[in-house]
Number of protein chains: 2
Amino acid sequence: MKTRSSNRRDFLKSGAGVGGALLVGADSGNAAPNPQSAQPDAAQPAPDDPTKVPGVPARPYGERSRFERILRTPSPQGTSSGTPLQDLTGIITPSSLHFERHHAGVPDIDPRRHRLLIHGMVDRPLILTMDELKRFPSVSRIYFMECSGNGYRRKGGRTVQEAHGLVSCAEWTGVALSLLLSEAGVQQGAGWIVAEGSDAAKMTRSIPLTKAMNDVLVAYGQNGEALRPEQGYPVRLFVPGWEGNICVKWLRRIKVVDQPYMTREETSKYTDLMPDGKARQFTFEMDPKSLITFPSGGQKLPGPGFYEISGLAWSGRGAIRRVEVSVDGGRIWQDARLQSPVLPIAFTRFRFGWKWDGAEVVLQSRCTDEHGDVQPVLEDLVRARGENWGYHFNPIQGWKVSADGSVQNALA
Amino acid sequence: MKTRSSNRRDFLKSGAGVGGALLVGADSGNAAPNPQSAQPDAAQPAPDDPTKVPGVPARPYGERSRFERILRTPSPQGTSSGTPLQDLTGIITPSSLHFERHHAGVPDIDPRRHRLLIHGMVDRPLILTMDELKRFPSVSRIYFMECSGNGYRRKGGRTVQEAHGLVSCAEWTGVALSLLLSEAGVQQGAGWIVAEGSDAAKMTRSIPLTKAMNDVLVAYGQNGEALRPEQGYPVRLFVPGWEGNICVKWLRRIKVVDQPYMTREETSKYTDLMPDGKARQFTFEMDPKSLITFPSGGQKLPGPGFYEISGLAWSGRGAIRRVEVSVDGGRIWQDARLQSPVLPIAFTRFRFGWKWDGAEVVLQSRCTDEHGDVQPVLEDLVRARGENWGYHFNPIQGWKVSADGSVQNALA
């Protein structure tokens, strides 16, 4: 019997030398230790024949294999870390790899002592313990979240993770904010809420009451278990489809007010200076965006042949309706297959079969959401917004595949 | 301003004394150490005012809060561990808490050295590396998996986890087995496959070729990242809707054959002796089942008032169409709300608003799948199968709420 590599048409050519570029994690050459592993280091060999060695018994809380090395990439200041989207499968981001962004680090909060205050223009101010919050009816939804600064200022980035890693997708569980506000009794004349976190930055954002009464969650669950500390443990706001920073973490206070409060986070930050000297402010919704995650920057194709191009698309305005892929630098666009379920305000995985002939090529994806909004090219964004903006960076991303199979950021 | 607890109608009565029964994890009194945490133990107090203390920086691979204590419950022999469904939110089970079941422990496998052999009645036998497997087009699906012995022999169990914890739901990613078999070229006369694991039990099951060519995955991804070791790292079979044991883990071999191989795992195990002396064998599909996860055994309601009853339903035959709830011991059944998305062969979360008057009551749920199959009562199963069966235990589960708010297994 011959092996697959030697007896078949050149469908697969990933020999020992280049296969590592395709193997997620284990062959990446990243020697960082696995901080989760209580098992021996990957330098220790596994048994030659695992069937001859009794395995380890069941454990109370699982860990990943000692051979897995995929990690988030903390920024030099430690204020954010990007998700390794190029190494992940499906649409769910595991909580341990969900991107982080915080303004004063991750606080240490005892859920038994945490309180949520709802006050301001309400008839019945409330102070809720976590127990009390969890008494309310709840809802779970699979939603993406993206930092409005994802891809900020077009600084390039070698990989998907470096260029666009501040976006992830998880199942979030919490209480509808509308229910809590109804319990408190919103007064005539109220038009906004101000949400405040209990981190050392006291992160604060203003949110229109129309959104607050629509689909906002006061969330305590993420992918089945409690929120992770870097995601706001024990409770955060989740504002579906809007800038990540508005989903105020470590939520301790919601004040019902009559106007936006013009906090630091909505004046000196999270605004974009336009060519006419005015600033875009309260750019709440995240725009339609898609990324090819394979093949993408930093990866290497082992040779000509068949590949499945795969990637992610999302829109803060609803469901993705269409993703097109170009394998010739943008001349011809063809529809990719959308993997079900296609959920509103969630990652949609797309796939596109491609036969690479070995010539240099630029691969791109372009998505359209249910409202007909189309992911733009960078030139159109620059024409509209000038050169001083950085938030809401959603242009079509190209990846250049060179003749040697290496893949580079074509937008950098 | 008054607090919620003191100024409102008796909607919420979870005072300091009893609130702990509702707080997931942190107040459970379970003093087991958090095996994931590199932070100080929960015995160390958190800061009185987190806004006055700089937080910790971003990390490469996240961990849960040091205050979280939810764990799987390994069996005394260490051969399985149950998911704490009563403490989880939504439909996704985090991989660290996904149930385990293995027959000779979890093997230690280096993915770079692992191979998958496809042989037998095929034209072109294949040996695939993990790199080669990942070159194929892939698919991701959210599917439940249930051990056919979940609830085995009706031994009771105090909590959902103890009684029914061997079921979980995750997003699985892999290559369609039909694609691999097509590459290998299945020969005339083949009717089954035999799948073999590389654990010390060489776990082996026969699967009809019709199922193998339908929706079976050769899976390497779980909830976005690589399979966990206890879930078959680096690769397992995933047979949607069928007994968990058929989803052979640590998959090393698929042999295409003409008949079932009557392996140990389908003769001495995973069969049920019927009253007439014959045995039910190859009972592949998992039957429709639902569980109320709140309120459920071991929990305690703080007092009369409003509660949202919540639970999970699933069927190996497709999508859940209906879940009914009875709050009077089975006399009246009312439709629960099904939370979207309702996906085939996946957990469906149901919810039902309930005002408890403080009297003793039995709560039950009953599901119906898209084929009209209805979850039975235990008496009907015993009438049909006698007293010696244990697999495929899916009767309606009741939870008795006593006047003091304590909840007990009404089926035990």
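I'll start with A:D131, which sits in helix α2 of chain A, residues 130-135. Keep in mind that this is a predicted model. A:D131 has 24 other C-beta atoms within 10 Å, and 20 or more counts as buried, so A:D131 is buried. If you go 114 residues along the chain from there, you get to A:N245, and the two C-alpha atoms are 26 Å apart.

Chain A superposes on chain B by a rotation of 180°, with 0.0 Å of shift along the axis and an RMSD of 0.0 Å. That is how a two-fold axis relates two copies.

Which surface do the copies use to meet? Of the interface residues of chain A, 98% are also interface residues in chain B, so the copies meet through the same surface. Chain A puts 107 residues into the contact and chain B puts in 105. On the chain A side, several elements supply at least two residues each, among them α1, β7 and β21. The largest share of that side is from α2(A), with five residues. By type, the side of chain A that touches chain B has 47 nonpolar, 34 polar and 26 charged residues.

Next, some backbone points. Between β20 and β21 of chain A there is a loop that holds A:P341. The peptide bond from A:S340 to A:P341 is cis, with omega about 0°. In chain B, the bond between B:S340 and B:P341 is also cis, again with omega about 0°, and B:P341 lies in the loop between β20 and β21 of that chain.

The chain A loop between β20 and β21 also contains A:I345. A:I345 is not a glycine, yet its phi is positive, near 55°. Is A:I345 buried or exposed? It is buried, with 24 other C-beta atoms within 10 Å.

A:N223 is another non-glycine residue with a positive phi, here near 50°. You will find A:N223 in the loop between β10 and β11 of chain A. A:N223 has 34 other C-beta atoms within 10 Å and is buried.

Just after α6(B) comes B:G386, with a positive phi of about 85°.

How values were computed: Residues numbered from 1 in each chain as written. Chains lettered and ligands numbered in written order. Predicted model: local features only at pLDDT ≥ 70, side-chain atom pairs only at ≥ 80, totals over all residues. Helix = DSSP H or I, 4+ residues; strand = E, 2+ residues; numbered from the N terminus. Buried ≥ 20, exposed ≤ 12 C-beta atoms within 10 Å, placed from the backbone. Least-squares fit on C-alpha atoms with pLDDT ≥ 70 in both. Contact = placed C-beta atoms within 7 Å. Nonpolar A, V, L, I, M, F, W, Y, C, P; charged D, E, K, R; others polar.
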